[in-house]
Amino acid sequence: MKFLDLAKVYIRSGSGGNGCISFRREKYIEFGGPDGGDGGNGGSVWVEAVDGLNTLIDFRYQQHYFADNGRPGAGRQRTGATGEDIVLRVPVGTEILDEDQETLIADVTSVGERVCLAQGGNGGWGNLRFKTSTNQAPRRSNPGQEGVERTLWLRLKLIADVGLLGLPNAGKSTFLAATSNARPKVADYPFTTLHPNLGVVGVDNTEFVVADIPGLIDGASEGRGLGDLFLGHVERCAVLLHLVDGSSGTLIEDYHTIIRELEAYGGGLAEKPRITVLNKIDTLDDEERAFLKEELEAAVSAPVMLMSGVSGEGVTDVLRALRNQIDDNRLRSREDVEEAGPWRP
C-alpha cells in the first residue's frame with residue numbers, strides 16, 4: 001500500500017426536500033383543509049477517525065463525496081424521507097483544512113471521533129404549516145434549503161511517542177529495525193526512507209511508538225531533497241531522538257543543520273524535548289568516542305548518549321532515556337497486551 005498523507009476532497013451535503021401543497025379531498029368530508037407534508041432533511045457529510053488506517057491512499061482514487069438529498073413532502077401529511085449521511089473514514093491524527101490549506105476545521109485524534117463537515121439542508125414546510133384561523137386554505141409551501149458544497153484538504157500527522165531526526169544515512173531506519181518489528185528499507189545510500197515508518201518499541205515491560213521520517217538536508221525548508229513535508233508526522237511526539245552520524249567528518253555541522261531546519265519549520269519542534277545520540281560508534285575506537293562525544297556535548301550544551309544500532313551497544317540505555325521522557329498515560333504495558341491475546345473471529 002502506498003503512503004499518502006495529503007489529499008484534496010470535494011464534499012456536498014444534501015439539499016432539503018420541498019414542502020407539499022395538498023388538500024384533503026375525501027368525498028364525505030365537508031371541510032377538508034390543507035394536508036401537505038414537510039420535505040425531508042438532506043444528508044450531512046461527516047468525518048470519522050477509525051482504527052486500522054495509516055494512510056490517505058483511499059482519497060487518491062475517490063475525491064468527490066455527495067450526501068443524498070431529502071425527499072419532497074406529500075399529501076395526507078406525509079413527510080419526505082431524510083437523505084442518507086455520508087462518512088469519510090480517515091486515520092487517527094488527520095487534520096481537516098479549508099481550501100486555503102491553512103484554516104484548521106477539525107483535528108480527529110482518537111478512534112471513533114466524528115465531526116460534521118457539511119450540514120444537510122432543512123426540508124421545506126408544507127402548506128399544512130401555514131394554516132391559521134384567517135387563512136384556512138393556504139396555497140403556500142417552502143422550498144428545501146440548499147446543501148453546502150466545500151473543497152477540503154485532508155492532512156495526516158501520524159501519532160507516535162518518539163520521532164527520529166537526522167541527516168540521510170544517520171542510522172534512523174537501522175535503529176527502528178533493531179528495536180521493533182518494523183522492517184524499513186536499509187541501504188548504504190542517502191534517502192533510503194521515502195515515507196514515514198512506524199514501529200512499536202518495548203523496554204522494561206512498557207511499549208511506545210517510534211516514527212521514522214525521511215532524512216533532512218540543508219535547505220529542506222526551501223524544498224531541497226524531500227523537503228520538510230514529513231516533519232508534520234513528528235509534531236505530536238512527546239520526545240525527539242536526534243541521531244548524529246559518528247562516522248561523518250562534519251559532525252558539528254550535521255547537528256546544526258537539523259536544528260536550523262527545525263527552527264525554520266516552526267510548530268514548536270525546536271522546543272520539544274530532544275535526546276541527542278552519537279550513532280555508529282561501532283566504527284570508532286575508545287579515544288575517538290570520547291573526543292567526539294565531548295565535542296558534540298559542547299555544541300549541544302547537554303549530555304550526549306552513545307549508541308550503535310548495528311551492534312546494539314547503548315540501545316537499551318537510549319530506549320530507557322526515551323521512556324523517561326514519555327508521559328505514563330501514553331505508554332502501554334506489555335502484560336496488558338499479552339493478556340488481551342490475539343483477535344479471534
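## Before we start

Two strands pair if DSSP finds at least two bridges between them. Helices (H or I, at least four residues) and strands (E, at least two) are DSSP runs, numbered from the N terminus. The model is predicted: local features need pLDDT of at least 70, side-chain atom pairs count only at pLDDT 80 or more, and totals for chains, interfaces and linings use all residues. Residues are numbered from 1 along each chain as its sequence is written, and side-chain values use heavy atoms, with hydrogens and water left out.

## A sheet of three strands

Let us begin with an open sheet in which three strands follow the order β4-β2-β7, with mixed pairing. Its edges are formed by β4 (86–91) and β7 (114–118), each of which pairs on one side only. From one strand to the next, the twist averages 30°; axes are lines fitted to C-alpha atoms, for helices over the stretch in contact, and angles run from 0 to 180 degrees between N-to-C directions.

Strand β2 (residues 45–50) pairs with β4 in the parallel sense, over six bridges. Here you can find Val45 opposite Ile86 in β4.

## A sheet of five strands

Another open sheet has five strands in the order β3-β1-β8-β5-β6, again with mixed pairing. Strands β3 (64–66) and β6 stand at its edges with a single partner strand each, so one side of each has no neighbour in the sheet. On average, neighbouring strands of this sheet are turned by 25° against each other, direction ignored.

The pairing of β5 with β6 is antiparallel and runs over four bridges. Leu97 stands opposite Leu104 in β6. As background, strands of a sheet pair through backbone hydrogen bonds, either parallel or antiparallel.

## Salt bridges across the chain

How many salt bridges does a search of the whole structure find? There are 13, where a salt bridge is a side-chain nitrogen of Lys or Arg within 4 Å of a carboxyl oxygen of Asp or Glu. One of them joins Glu95 and Arg236, with the closest N and O atoms 4.0 Å apart. This pair links distant parts of the chain, 141 residues apart: Glu95 is in strand β5 (residues 94–97), and Arg236 is in the loop between β11 (206–212) and β12 (239–245). Arg236 also forms a salt bridge with Asp107, at 3.0 Å between the closest N and O atoms. That pair spans 129 residues, with Asp107 in strand β6 (residues 104–108). Glu95, Asp107, Arg155, Lys157, Glu235 and Arg236 are linked in a network of salt bridges.

Are these residues buried or exposed? Buried means under 20% relative accessible area, exposed over 50%, and partly exposed in between (1.4 Å probe, protein chains only). Glu95 is buried at 8% and Arg236 is buried at 18%, while Asp107 is partly exposed at 25%.

Lys280 and Asp245 form a further salt bridge, their closest N and O atoms being 3.4 Å apart. Lys280 lies in the loop between β13 (274–279) and α4 (286–300) and Asp245 in strand β12, so the pair ties together parts 35 residues apart in sequence. Lys280 is partly exposed, at 24%, whereas Asp245 is buried, at 15%.

## A buried residue in a loop

Our last stop is Asp161, in the loop between β8 (149–156) and β9 (162–165). Asp161 counts as buried, with 7% relative accessibility. What does Asp161 touch, not counting residues up to four places away in sequence? Its contacts (heavy atoms within 4.5 Å) are Phe208, Val209, Cys237, Ala238, Val239, Ile326 and Arg330.
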